[in-house]
Amino acid sequence: MKREIPLLITFFSCLVLILDFVIKNEVLARLAAAINDYVSILATFALVLGLASLFGVHFNRIYKKRENWGFSVVLVLGFAFSLLAYCLYGVEKEYEVPIPLDRYEVLSKAGEAQVREETVHYLLVDGREIRVGQEIFELDAIGPEHKKKKVFYYQVHSNYWFDTFIFGNVFTPLGATMFSLLAFFMASAAFRAFRAKSIPATLLLVSAFFVMLGRVPIGAFVGQWLEFILLPIATLIFPEAWISPSNQWFSEFAGFIMNVPNTAGQRAIMIGAALGMVAASLRIWIGLEKEHLGRD
Amino acid sequence: MLDFIENLDRRYVFVLIALSVALPLIFKVTLPMPDDPQVKTLYDYIENLKPGSQIAISFDYDPSSEPELHPMAIALLHHAFRKKHKVLSFALYPAGPSMANDAFAKVVKHFPEVEYGKDYINLGFYYGPNTGLNQVAVFCSDILRAFPKDEKKKVTGTYPIMSGFRSLKDAAVVISLSAGDPGVPAYVSEANAKHGINVAAGVTAVSAPRFYAYYNSGQLMGLLGGLGGAASYESFVKVKGKALAGMGAQSFAHLVIILLIIISNGIYLIRKRSEEPRWS
């Protein structure tokens with residue numbers, strides 16, 4: 001039963017999702033939606049397991065002082081700090097901070113955004129103030145002697161530590177730096193390794209040349225310049241031929257490469273991968289593939 | 001001389017690339033962008049929508065892809081608010097809502113009449129498996145189930161913008177600004193293939209070739225590829241953004257890389273002809 005029940009769950013879940021894709025039916029749609037919810041919940045558990053595993057690995061590295069253990073310390077501290085900042089304040093959440101009247105007037109005059117005035121309603125019950133909503137406050141049955149209004153002034157602040165410090169000043173520049181480093185390494189690698197050593201390599205090189213020039217505006221200037229040199233020569237060699245001058249020919253040829261050979265290649269890869277995925281999914285669906293159930 | 005160039009220290013290459021990127025940015029070299037047909041289809045579609053149409057933007061990227069994808073988001077928001085459309089944003093990337101907040105903040109200041117909750121909303125991030133299919137399936141059936149509260153932690157259903165928006169099927173177009181998975185393939189497979197929703201994509205230059213197949217089959221109704229796609233959209237919308245400014249730098253960087261490749265291949269051919277097999 002340890003294997004049969006998971007296999008049955010797999011079979012019926014897959015059946016519902018496949019039928020939902022091809023048949024328009026309210027019951028199937030609801031079942032499929034419920035399954036999708038469960039998948040998201042299960043994925044969240046997987047995330048927690050992943051985090052626990054990550055911590056396990058790095059604590060172990062710090063404990064045993066393995067090579068580069070200092071980086072593990074940075075990782076653990078960074079994670080703990082981010083988690084704490086998030087748990088205390090929440091990402092991107094806005095906080096309403098009460099401000100004094102004089103500050104409100106200054107901010108309002110300066111046209112400072114997110115500064116607002118709020119009226120709060122109170123009922124006086126036995127001398128005590130009880131905060132109520134406007135609907136209750138405006139009930140005719142409540143006499144004016146029991147009503148009280150107060151004005152509060154607020155300014156909305158985002159959480160500095162998470163929003164500005166961690167996200168804006170650490171995460172964003174680090175992410176941008178990592179990605180922009182690629183340009184340097186790609187240029188260096190292209191200089192060293194991009195050689196016309198064979199026919200396929202030459203084709204790749206020529207395609208790259210046209211796509212790199214065709215996808216940037218300077219391609220039009222280079223095209224114009226080449227045209228200036230090549231057009232008279234071409235006219236001399238083929239005087240009868242109709243040669244259309246166009247400074248966009250790099251761009252047009254790059255478009256041809258992207259739309260025709262590239263699309264054909266991408267389709268072949270995608271359809272091949274999709275067929276493989278269908279075959280693998282089918283094996284899991286009908287229970288031929290049981291690796292995901294473990295070995296016990 | 002040939003030996004020197006052949007064994008050129010990679011730090012020289014780094015300096016050349018740094019200069020080719022930095023100088024055009026410092027001297028603000030801007031070059032006219034040629035029209036990109038994949039970008040124009042999306043621009044024309046949004047331009048011709050009736051005012052008040054709902055545009056859904058999925059911010060499926062984080063700061064590492066910001067230079068390429070953020071200008072797209074900003075240009076799209078400019079266009080949408082100028083045409084008085086409503087914008088709903090959500091994310092399949094954890095950092096996506098923060099990117100959306102930043103893009104909204106940069107654009108909304110140019111449109112004082114635009115209000116949060118009435119003209120635009122940031123629904124937040126919805127967690128799920130890496131393929132993104134489950135998340136998009138939930139968005140297509142009932143978006144309030146995925147986002148009971150918005151990014152400001154207020155009940156989503158109470159905002160006026162949500163009164164006419166129950167699922168992605170109510171959107172005139174869903175635009176996924178995607179740095180990888182989860183992203184565009186999930187929207188194409190689920191939203192477009194299953195529900196017939198119009199899907200467009202803004203992707204990084206390195207992943208753009210993959211999505212031409214989707215565009216040419218009609219599964220994507222518009223495709224913005226890399227900084228060039230963003231710059232093209234900026235020139236259509238007539239917004240002087242970071243993409244147009246960056247195209248000068250990208251142009252010169254491409255030229256430098258092409259020249260380096262030509263030089264290295266020239267040396268390779270000279271060596272090959274003189275039968276000195278120094279390249280391995």
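## Ground rules

Residues are numbered from 1 along each chain as its sequence is written, and chains are lettered from A, with ligands numbered from 1, in the order in which they are written. As the model is predicted, local features need pLDDT of at least 70 and side-chain atom pairs count only at pLDDT 80 or more, while totals for chains, interfaces and linings use all residues.

## The sheet of chain B

Let's begin with the sheet. Chain B holds an open sheet of 6 strands in the order E3-E2-E1-E4-E5-E6, with parallel pairing. Strands (E, at least two residues) and helices (H or I, at least four) are DSSP runs, numbered from the N terminus, and two strands pair if DSSP finds at least two bridges between them. Strand E3 (120-125) and strand E6 (223-225) of chain B are the edge strands, each pairing on one side only. From one strand to the next, the twist averages 15°; axes here are lines fitted to C-alpha atoms, for helices over the stretch in contact, and angles run from 0 to 180 degrees between N-to-C directions.

Strand E4 (residues 173-178) of chain B is largely enclosed by the rest of the structure, because 6 of its 6 residues are buried. Buried here means that 20 or more other C-beta atoms lie within 10 Å of the residue's own (exposed: 12 or fewer; partly exposed: in between), with C-beta atoms placed from the backbone. B:Val173, B:Ile175 and B:Leu177 point one way from E4(B), while B:Val174, B:Ser176 and B:Ser178 point the other way.

E4(B) pairs in the parallel sense with strand E1 (residues 54-60) of chain B over 6 bridges. Along this pairing, B:Ile55 stands opposite B:Val173, B:Ser58 opposite B:Ser176, and B:Asp60 opposite B:Ser178. E4(B) also pairs with strand E5 (residues 199-203) of chain B, again in the parallel sense, over 5 bridges, and here B:Ile175 stands opposite B:Ala200.

## Crossovers

E4(B), helix H8 (residues 184-195) of chain B and E5(B) make a right-handed β-α-β unit. Right-handed means that, with the strands pointing away from the viewer, the path from the first strand over the helix to the second runs clockwise. H8(B) lies across E1, E4 and E5 of chain B and runs at about 180° to E5(B).

E1(B) is mostly covered, with 6 of its 7 residues buried. E1(B) pairs in the parallel sense with strand E2 (residues 86-91) of chain B over 5 bridges, and B:Ser58 stands opposite B:Phe90 in E2(B). From E1(B) the chain crosses through helix H4 (residues 66-82) of chain B to E2(B), and this β-α-β crossover is right-handed.

Chain A has 9 helices and 4 strands. Buried residues make up 11% of its 296 residues.

Now for the meeting of the two chains: 48 residues of chain A are in contact with 48 residues of chain B, where contact means C-beta atoms, placed from the backbone, within 7 Å. On the side of chain A that touches chain B, H6(A) gives the most, with 13 residues. That side divides into 28 nonpolar, 13 polar and 7 charged residues (Ala, Val, Leu, Ile, Met, Phe, Trp, Tyr, Cys and Pro count as nonpolar, Asp, Glu, Lys and Arg as charged, and the others, Gly among them, as polar).
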